[in-house]
Each structure stands twice: as structure tokens, then as C-alpha cells.
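I opened the file to look up a few sites, one entry at a time. My notes follow.

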Amino acid sequence: MKKLFLLSLMMMMPMFSQAAGPSVQLDSIEVDASDHASLQRGMKTYVNYCLGCHTSQYQRYIRAAEDLHMPPELVAEHLIFSGQKVGEQMTNAMDPKLAASWFGAAPPDLTNEVNLRGADWVYTYMRSFYVDGARPYGVNNVVYPDVGMPNVLAELQGIQSKTCGQVTKTDAHGVAVVDSLTGNPITQESCDLLTVEEGTGSMTPAQFDATVYDLTNFMAYMSKPYKTDSQRIGMWAILFTLLMTVLFYFLKKEFWRDVH
Ligand code: HEC
């Protein structure tokens, strides 16, 4: 009886882990593996701002060049800063032990990051650093509290701080709650608003969002480099099945013609 009780408790565990899901509302994006221009821009940001600390050890430059429709010579000239060859994996020379002592944690490999956390998480995380004097690098992150990573895109985004202000109240699904009498959205005071100090970054908020979108799109590509291939092959497989259905239909008619 006791064993049965323990077993049923264990079977209920997934329910509890679901309840402890992300507490922050993530901004949702639709990644697009067929948008080569976006992926190319994303790769440029990635090699310029991320590869110094993070590796992508399961991604080769040459494979990205082919998949993103870029001539390998151009990739070698403009997107490799480590002196590596275009056939090599996207790695760096950082010693993980030293990095762990600098940042409190070693920067993880990011080839598989979007599979691990999801594109919405990465997109929101990269835009959620804010000034916090209590942290070693002067910044904290709403999505990943007390993260060891500095805000490496601050020169583009500008200085972002947490401020107070009125926000629209939303339910658990992110839908605005309205007053049942007036139909107006209900607002409430929040001190978790993220505001960028104007003129401190080289980009406007819209340009910055687009840059982080491209970056996330590229990271999503790295997580599933076969996605466009499988979509293309899938299309042919469906066309083939349709063609065969038509052929077999006429074949069946031919076989049964003499029976009736
Ligand atoms: C100066 C070094 C440095 C640079 C440059 C850097 N990061 Fe990081 N990053 C870190 C460290 C250190 C961590 C681990 C922090 C921790 O676990 O507290 C981290 C963690 C992350 C994580 C969370 C990993 C996880 O799931 O736990 C993501 C995502 C990430 N970085 C993305 C990026 C992207 C994208 C760029 C380029 C725009 C970038 N990083 C540039 C140091 C860096």
C-alpha cells in the first residue's frame, strides 16, 4: 500500500514540474529557416559578438556558408576572425576554467541552445539585460536572474534600466484583462518595466529587436541545420505520394474493368 502511494506520488511529479514553468512572459517570434538574408545578418552578429566567449562546436563555417548561400571565400574573409580555416568548427581559444573564474560560470556551447531553451527564450533573454549595480558586470537579466554574462550588445541597444509605470494587467496567457463594466483594459503599477535611455545605443529599439531576431534565427538554424532540407524533401515525398495515388487509381480501374 505504501509502495503504491509512493508510486502514484512519483507519477504526479511531471504535474508539479509543469506548474513551476517560466515566470516571465516571453516575447514570441516565428523563426524562418528559409530567410537567408536574415540568417546571414544573424551569423554576422553571432561571430562578431558571441563567438569570442561561446563556441558552436557542432557547426562548421563551410556548412553554414552552403546552407545560407554564401561563397566560402567571402565567409573566410569576412566572418572568421580566429585564423581558422573555413572547413573547421566554429570554436574559440577561450579556456573554460579561466572563463568560469571570470564570469562565475563558463560560457556554454550554443550550437544546440535554441533546442534547449526555445527561440522565444533566447530572443527575450538577449533583450532583457538591465542595469544592476549589485552585479559584478553592472547588469542583471529578467529572464535569467543573476546571470554571469555581461550585456555584450549594450553598445547597440543602449543602457536599459528597470523603471516603474502603469502596465496593462494580463492573465496567465498574456491576454489583457478588461473591466467588465466599461470594457476598458485594467492597468496596474509595475516596477519591472524595461526602458532604454534615449541616445545611449547606436540602434533604435525597432532596429535592435530586428538584430536580435536575426541573431536568434541564426541560432535556431544551428540547432536544426537540416530543417530546410527536410522541408524540401518532405514536399517531394508528398508530391510523389499524390502522383502514385492517381496512377494506382487508374491501375485499379484497369484491373477491375473485365471483372464487372
Ligand atoms: C564576455 C563573454 C560572453 C560573450 C561575448 C557572450 N556571452 Fe553569452 N554567456 C556568457 C557566460 C559566462 C554565460 C553563462 C552565464 C551563467 O550561467 O551564469 C553565458 C550564457 C549565455 C546564454 C544562456 C545559456 C544557458 O542556457 O544557460 C545564452 C543564450 C547566451 N549566453 C547567448 C549569447 C549570445 C547570443 C551572445 C552574443 C550576442 C553571447 N552570449 C555573448 C558569456 C558571454
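How far is an oxygen atom of the ligand from an N or O atom in the side chain of Arg-117? I read 2.7 Å. Before going on, I noted that this is a predicted model, where local features need pLDDT of at least 70, side-chain atom pairs count only at pLDDT 80 or more, and totals for chains, interfaces and linings use all residues. Residues are numbered from 1 along each chain as its sequence is written, and side-chain values use heavy atoms, with hydrogens and water left out.

**Entry: ligand**

I listed the surroundings of the ligand and got 23 residues. The closest are Cys-50, Cys-53, His-54, Glu-113 and Met-149. A residue is near a molecule if one of its heavy atoms lies within 4 Å of it. I then checked Glu-113: an N or O atom in its side chain is 2.6 Å from an oxygen atom of the ligand. For Tyr-144, I found a polar side-chain atom 3.0 Å from a ligand oxygen.

**Entry: Arg-127**

I placed Arg-127 in the loop between α8 (119–126) and β3 (129–131). Helices (H or I, at least four residues) and strands (E, at least two) are DSSP runs, numbered from the N terminus. Arg-127 has a relative accessible area of 14%, so it is buried. Buried means under 20%, exposed over 50%, and partly exposed in between (1.4 Å probe, protein chains only).

Its side chain makes a polar contact of 2.9 Å with the side chain of Asp-209. A polar contact is a pair of N or O atoms within 3.5 Å; within protein, one must be able to donate a hydrogen and the other to accept it, and residues adjacent in sequence count only if both atoms are side-chain atoms. I also found a polar side-chain atom of Arg-127 at 3.5 Å from the backbone oxygen of Tyr-123. Leaving aside neighbours within four places in sequence, Arg-127 is in contact (heavy atoms within 4.5 Å) with residues including Asp-27, Gln-157 and Leu-194.

**Entry: α8**

Is α8 enclosed or open? I count it as largely enclosed by the rest of the structure, because 7 of its 8 residues are buried. Among them are Trp-121, Tyr-123 and Met-126. The buried residues pack against α7 (113–117), β3, β4 (139–141) and α10 (205–223).

**Entry: Ser-28**

I found Ser-28 in the loop between α2 (13–19) and α3 (36–49). Ser-28 is exposed, with a relative accessible area of 60%. From Ser-28 to Asp-179, I read 151 residues in sequence and 26 Å in space, C-alpha to C-alpha.
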